[in-house]
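Reader: I would like to learn how to read the local features, the pockets and the ligand site of a model. Please show me the model and take the features one at a time.

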Amino acid sequence: MQKQIGKSTQSVWGGEQHNERFERSTQVPVVHSVSFGYDDIDTWHRVALGKDEGHIYSRNTNPTVRAFEDKVKELEGAEAATSFASGMAAISNTLGALLNPGDRIVSIKDSYGGTNVIFNEFLPPLGIEVSLCDTDDSAQIEKEVSNGCKILYLETPTNPTIKITDIKRLSSVAKSVGALVIVDNTFATPINQNPLSLGADIVLHSASKYLGGHADALGGVICGSKELVDRVYHYREINGASLSPMDAYSFIRGMKTLKLRVQRQNENAMAVALFLDQHPLVEKVNYPGLQSHPGHEIAKQQMSGFGGMLSFSVKGGLDAIKSFLPHLNYAHMAANLGCVETVVGPPLTTSHVECTQEERAAAGIPEGLVRYSSGIEDIEDLINDLGQALEKLL
Ligand SMILES: *Cc1c(COP(=O)(O)O)cnc(C)c1O
């Protein structure tokens, strides 16, 4: 059995036991080959049947992609992992593999915008019943799960309202009715939260965010038991939303600094949240590290850091945001998050661009909210930058 090692060591060394395979290179190379050739049919056949180690065709498996999956697998403490062309492909393929007509899925109202579209638009015509609960209302979620379902799908902290749900409590209710629990762990990262250790069956990530960390590669990944991951892998290998080796390489390289980056982002987000919380022009700050946050106690139990994401509303709503955000010098106004640069934007153009204003309102998302993804810049600079930009509103 492998000795328990720290997450920085896992970030650096996880999935890197490859040097024999790759001519003793110390870094995982990008294997751009579509297929893998064999000298004899019997060996080829054994690999194709999965009896021998090896690769056949890169839509199924690829050595660079495998190394990335192994790194995430170690950080999430999972038996198996498989990857996808994007975070949304991870979500849609996982649901596609595990749900059948007549099944029921229970989730929360303010999941990621794209996930919300799957729940509202794509699943119901397939004969799958979707029940979306108020994220804050654990009792309602418990009740819906107790009525029977195939999957309980959670995301915590949520995007962009930064609400917290209790993974352990809800997983145990799901277990009692034989439901599988899936957790989107994109915001928390494996550094701050490991849902499998809290009772979840599958943890998934948009690797495009914190795992990659440099906003230069798109991908997704899921981890869980070999039995479950194999089912989802089979669906993905046939449907074809496979991760490209080049993006897998970018993730491997990015992930070597995952813990360093996330620790810094946790610290920066906390300092920014405290600064905004006392600012006269700020109405409300959503950050689980603040004692005033309704999910603070649960976050303290299930997370080892409060994360790099926060959101806040400014007096004057959307108009105020439109005039204040462009004055920030050290923040991209963009739709991504979790990278080394600070990134800001309203849900209108980021997480919930796919939704109508009514749908955003129904999900409890004010039009005047700013989603703030703290980068790894020096904290004094981020606070001064926010201060001078907010001053422009006076
Ligand atoms: C970005 C994101 C996704 C979707 O990931 P893509 O890689 O953009 O497809 C899913 N869930 C959360 C929480 C996200 O932030």
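Author: Start with a helix end: H2 is followed by Gly 50, whose phi is positive, near 80°. At the other end, Asp 40 caps the N-terminal end of H2, with a side-chain oxygen 3.2 Å from the backbone nitrogen of Asp 42. Helices (H or I, at least four residues) and strands (E, at least two) are DSSP runs, numbered from the N terminus. A polar contact is a pair of N or O atoms within 3.5 Å; within protein, one must be able to donate a hydrogen and the other to accept it, and residues adjacent in sequence count only if both atoms are side-chain atoms.

Reader: What kind of model is this, and how are residues numbered?

Author: This is a predicted model, where local features need pLDDT of at least 70, side-chain atom pairs count only at pLDDT 80 or more, and totals for chains, interfaces and linings use all residues. Residues are numbered from 1 along each chain as its sequence is written, and side-chain values use heavy atoms, with hydrogens and water left out.

Reader: What lines the largest pocket?

Author: The general idea is a 1 Å grid over the protein atoms alone: a pocket is an open set of points where a 1.4 Å probe fits, with protein on both sides within 12 Å along at least five of seven lines, and lining residues have an atom within 4 Å of a point. Grid points are joined across faces, edges and corners, and a volume is the space filled by probe spheres set on the points. Here the largest pocket holds about 700 Å³ of space. Its lining has 26 residues, of which Gly 54, Thr 61, Arg 66, Asp 230 and Tyr 233 lie nearest the centre. Helix H2 (41-48), helix H3 (63-75), strand S1 (80-84) and helix H9 (226-239) each supply at least two lining residues.

Reader: Where does the second largest pocket lie?

Author: Domain 1 (7-255) and domain 2 (258-391) both give residues to its lining, so the second largest pocket lies between them. Domain bounds come from an automatic or database domain assignment. The volume of this pocket is about 410 Å³. Of its 24 lining residues, Lys 163, Lys 284, Asn 286, His 293 and Pro 294 are the closest to its centre. Strand S8 (residues 282-286) gives the largest share of that lining, 3 residues.

Reader: Which atoms of Gly 87, Asp 184 and Ser 208 lie by the ligand?

Author: A backbone N or O atom of Gly 87 lies 2.8 Å from a ligand oxygen atom. Polar side-chain atoms follow: one of Asp 184 is 2.7 Å from a ligand nitrogen atom, and one of Ser 208 is 2.6 Å from a ligand oxygen atom. Taken alone the ligand exposes 380 Å², of which the protein buries 93%; accessible areas come from the Shrake-Rupley method with a 1.4 Å probe.
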